[in-house]
Amino acid sequence: MSLIRTVTVVAAFCLSTFDVTAQTNDYLPDDLRLRVEQLKTEFHTIETDRHNASARAHLAWEWLNAYALNGGYMPVNATLAVAAVLGRPPVGPASIAGLNSVIEELSFLDDNPDAIGSLTADTGPFPVASFVTISQTYTVGRLPVQTGGGFMVARHFMANFGQWQASDPAADHYISVSSSNPKVTFVVSRVPMGGMHGGFRNTRPTLMFKVASGTLVQGDTVTITYGDTSGGSRGIMTPSFSSDRMPLPLYLAFVEDSHFMSLPIQPVVMEGTDVAGVNAFLPSVVSPGETFEFSVRAQDRYFNRATGTIPDWTVYLNGSEWLTLESNGVITTHTTQIDEPGVYHVTVRSSDGSIAGSGNPVLVTDEERDRIYWGDTHGHSGFAEGIGTPDRFMIWARDDARLDYVTHSEHDIWLDDSEWEVLQANVRAFSEEGRFIAYLGYEWTVSNTRGGHHNVLFRRPDHNRIPAQFYPTLSKLYQGLRTHAEPKNVVVIPHAHQAGDYRLSDPELEPLVEIMSQHGNFEWFGRLYLQHGHQVGFVAASDNHLSQPGYSAPLGGSLSQRGGLGAIMARERTTDAIFDGMKNLRAYATTGDRMILDFSVNDAPMGTRTPFEENRAISGRVIGTAPIDTITIIKNEDVLWSESYLDNKDARTGREDTFLLSFASDSTPFHRGDNPRGWRAWEGTLEVIGADLVNIEAYDASFPLQNVTRTDEANRVIFNTKTRGDTSSFLIELANITRTARLQFDIVENRETGGGPPIYRQPQRVAAVSFAMALRDMEDGKVEYTQTVDAYTDRATLRRIITDGPREVSFNLTDTGNRQGDYYFVRVVQANDAIAWSSPVWVGGYNKK
């Protein structure tokens with residue numbers, strides 16, 4: 001029996017003389033204290049099994065929440081381990097083991113409040129994507145660390161540090177251990193670790209410094225040095241993203257093979273580096289002469305706030321110099337107005353011209369119309385399996401992303417009551433009517449076999465969550481929400497990454513469907529809701545896990561693209577107006593670019609239902625952030641109309657020409673009810689034969705996972721990108737084009753990655769392939785190559801394009817139909833691969849809201 005267990009048993013043995021009235025400042029109420037003490041006694045004499053697991057899990061849930069509300073540090077996977085048992089029969093061995101681990105750790109902390117010592121760290125700030133040295137020091141508490149015990153040096157599965165090692169002091173990412181006690185020595189070991197500080201859904205070998213000789217006693221110190229440079233190492237490479245609380249998790253075992261105790265995460269700060277780009281954020285719609293505020297944000301190459309010298313800025317309006325802004329920090333705000341109606345595009349340059357960027361378009365109009373408010377209804381921090389603090393989340397949303405509204409929607413399976421109170425308090429603290437609106441919410445988190453993930457938003461911050469721990473199926477979630485809140489004050493939004501059950505939707509609770517996030521593009525998901533007769537609109541969100549809602553750089557893995565945005569149309573920027581806009585489906589989705597989109601059928605705007613008419617007048621207007629590529633109108637499940645504004649359909653390719661090379665893969669699940677297909681990688685070489693390669697570049701320059709590198713051969717490049725339900729494009733310029741000109745591709749073998757756990761179709765290997773695209777084979781300025789991958793057809797397309805495509809397009813067409821309930825929506829694709837989707841308009845049928 002381990003020492004930890006021995007200590008716990010001794011405490012339980014004393015229960016016969018336990019006196020509740022003798023306790024002072026006990027964090028447990030009297031009744032809960034008695035039940036906890038009984039559990040602690042029984043825990044070591046009666047095994048947890050499928051018969052008593054549920055009762056023990058309910059008590060553990062009360063216990064851990066009381067401990068957290070008292071300020072205790074909770075193990076990161078404690079709520080998840082309990083959630084795996086609550087309401088989820090049958091209970092298997094893995095779930096029982098997780099529950100036992102929570103009970104064991106809570107018992108130890110309850111009986112030995114001073115046994116664990118203190119932990120301190122170098123908190124920085126440290127620059128991102130740089131070699132640094134960071135140390136953490138543990139001071140031993142009352143309980144000694146004996147031979148065989150030691151420290152597990154875990155790492156968060158989302159923190160993209162370099163590859164840690166403890167074997168070569170001269171190599172990168174070397175980690176060392178030392179102690180103030182000269183009699184103590186350590187040996188390097190590896191132990192399996194799952195969850196967010198390990199392999200997440202699986203275990204992975206994790207570094208451990210095990211005490212080989214001697215005993216660490218009270219007052220001794222142990223220092224873990226990450227990036228120890230004393231032996232010649234350059235240090236450890238820090239992650240690419242900034243954070244106010246970058247986790248460096250440490251776990252402590254007191255003796256051989258004992259339970260690892262969680263040590264509190266220290267607030268290590270990572271910050272951005274030199275200015276590499278700039279972005280401007282402006283309101284999308286204003287009236288002539290209306291005063292408004294906009295911001296200019298300096299960023300490094302990973303979207304972090306830049307550090308160092310921030311230049312002054314010159315702002316251009318439709319190409320003409322408009323304003324000169326003296327920098328007052330990384331984010332410079334300015335109040336101004338535009339007097340004349342029209343469409344305005346903003347660009348920004350540093351005073352020396354070395355840094356350039358742009359902002360979203362602004363429509364200045366004196367027409368009576370709804371404003372467009374931009375927000376993110378789905379994002380995470382370190383309260384769930386992400387990184388960063390709730391305050392950082394809100395500050396980023398308000399100041400960095402310049403959102404109009406946001407929801408910090410943590411996974412309920414990782415939330416405790418103390419954290420929920422913090423989320424409620426933050427909504428109250430950060431919301432400011434007329435400027436920035438925060439909504440209380442959470443992500444109801446179950447597998448798609450039980451209903452899939454749904455974000456739940458409340459109009460007011462005084463609600464309690466209806467968690468998956470106690471409402472573990474979709475019908476029970478709907479029932480719980482209706483029991484504890486009025487439907488008018490709740491918005492439920494399913495998403496596709498862990499696919500919501502599109503067969504089931506409560507029309508009073510669920511007005512919107514999330515069809516895009518950093519996990520990929522999932523138009524099919526929204527269309528399945530429509531096919532099943534649900535009256536829902538479309539939004540996008542980030543699902544960012546780094547406390548970066550609304551303006552999120554790709555991280556890699558499953559989060560391999562920028563985060564999306566939801567546009568809500570409302571009369572004013574207030575809590576009720578924006579919430580009512582969501583309830584009324586007055587919404588559209590974008591992949592992050594703040595396009596202005598209007599769409600109507602028989603003058604009925606998106607998200608509404610118009611009376612039945614056989615003749616349908618369809619109209620719309622798009623104001624893009626980049627040249628418009630295509631506009632497509634979908635009627636029910638078919639393409640009704642599509643127009644390209646970028647294709648160059650000249651009969652012949654010129655001696656010099658410009659092309660768009662696009663890669664695409666489908667994310668639709670092959671099996672109904674499965675999670676979507678993962679990311680398809682496109683990686684290899686491209687060689688131009690029979691022409692000169694003048695230039696090749698990622699068309700979406702803000703996508704850091706899309707790369708192209710020149711080789712020593714002038715016409716040969718190495719490239720890589722990823723797709724998941726979308727396209728990824730490169731702009732190519734060729735000169736001296738001959739009749740035999742072609743592009744030769746050699747794509748290496750890859751494997752699909754990311755995504756939620758599949759139920760049926762497992763991630764597939766994508767075979768290596770070589771192919772050529774001959775310019776003389778172009779038809780209407782286009783040539784295509786397809787590759788079959790299992791049940792899917794992936795595409796590479798080369799198109800001849802014009803270089804000055806329009807940024808503003810209006811369209812008008814008519815359609816006829818004799819079916820009640822036809823629906824129409826529009827999809828807009830820009831040259832930079834950004835997409836916008838309108839919510840549908842229904843013609844006839846009956847209102848289902």
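I started at Asp603, which sits in the loop between strand 37 (596-601) and strand 38 (604-605). Helices (H or I, at least four residues) and strands (E, at least two) are DSSP runs, numbered from the N terminus. Asp603 has a positive phi of about 70 degrees, though it is not a glycine. I checked its accessibility too: Asp603 is exposed, at a relative accessible area of 71%. For the cut-offs, buried means under 20% relative accessible area, exposed over 50%, and partly exposed in between (1.4 Å probe, protein chains only).

Ground rules, before going on. This is a predicted model, where local features need pLDDT of at least 70, side-chain atom pairs count only at pLDDT 80 or more, and totals for chains, interfaces and linings use all residues. Residues are numbered from 1 along each chain as its sequence is written, and side-chain values use heavy atoms, with hydrogens and water left out.

Confidence next. pLDDT is the predictor's confidence in each residue, from 0 to 100. I found a mean of 93 for the protein chain, with 96% of its residues at 70 or more. Residues 1-24 have pLDDT below 50, and beyond near neighbours in sequence this stretch has 34 contacts in the model (a contact means heavy atoms within 4.5 Å).

Strands 37 and 38 run antiparallel and are joined by 2 bridges, with Val601 opposite Ala604 of strand 38. Two strands count as paired if DSSP finds at least two bridges between them. I traced the open sheet of 4 strands as 38-37-40-55, with antiparallel pairing. Strand 38 and strand 55 (808-816) are at the edges with a single partner strand each, so one side of each has no neighbour in the sheet.

I looked up another positive phi: Asn636, not a glycine, has phi near 55 degrees. Asn636 is in the loop between strand 41 (628-635) and strand 42 (638-644). Is Asn636 buried or exposed? Asn636 is buried, with a relative accessible area of 13%.

Then a peptide bond: Gly124 and Pro125 are joined in cis, with omega about 15 degrees. Pro125 lies in the loop between strand 1 (118-121) and strand 2 (126-127).

Salt bridges took up the next page. My rule was a side-chain nitrogen of Lys or Arg within 4 Å of a carboxyl oxygen of Asp or Glu, and the count comes to 47. Glu523 pairs with Arg827, the closest N and O atoms being 2.7 Å apart. Glu523 is buried, at 13% relative accessible area.

Glu637 is in the loop between strand 41 and strand 42, so the pair ties together parts 110 residues apart in sequence. Arg527 is buried at 14% relative accessibility, while Glu637 is partly exposed at 32%.

I also noted Asp822 with Arg616, closest N and O atoms 3.1 Å apart. Asp822 is in strand 56 and Arg616 in strand 40 (residues 615-623), 206 residues apart. Both Asp822 and Arg616 are buried.

Last, the cores: sets of buried Ala, Val, Leu, Ile, Met, Phe, Trp, Tyr and Cys residues joined through side-chain atoms within 4.5 Å. The largest has 80 residues, and those with the most contacts inside it include Tyr442, Phe599 and Val828. Another core, apart from that one, has 72 residues, among them Ala60 and Met158.
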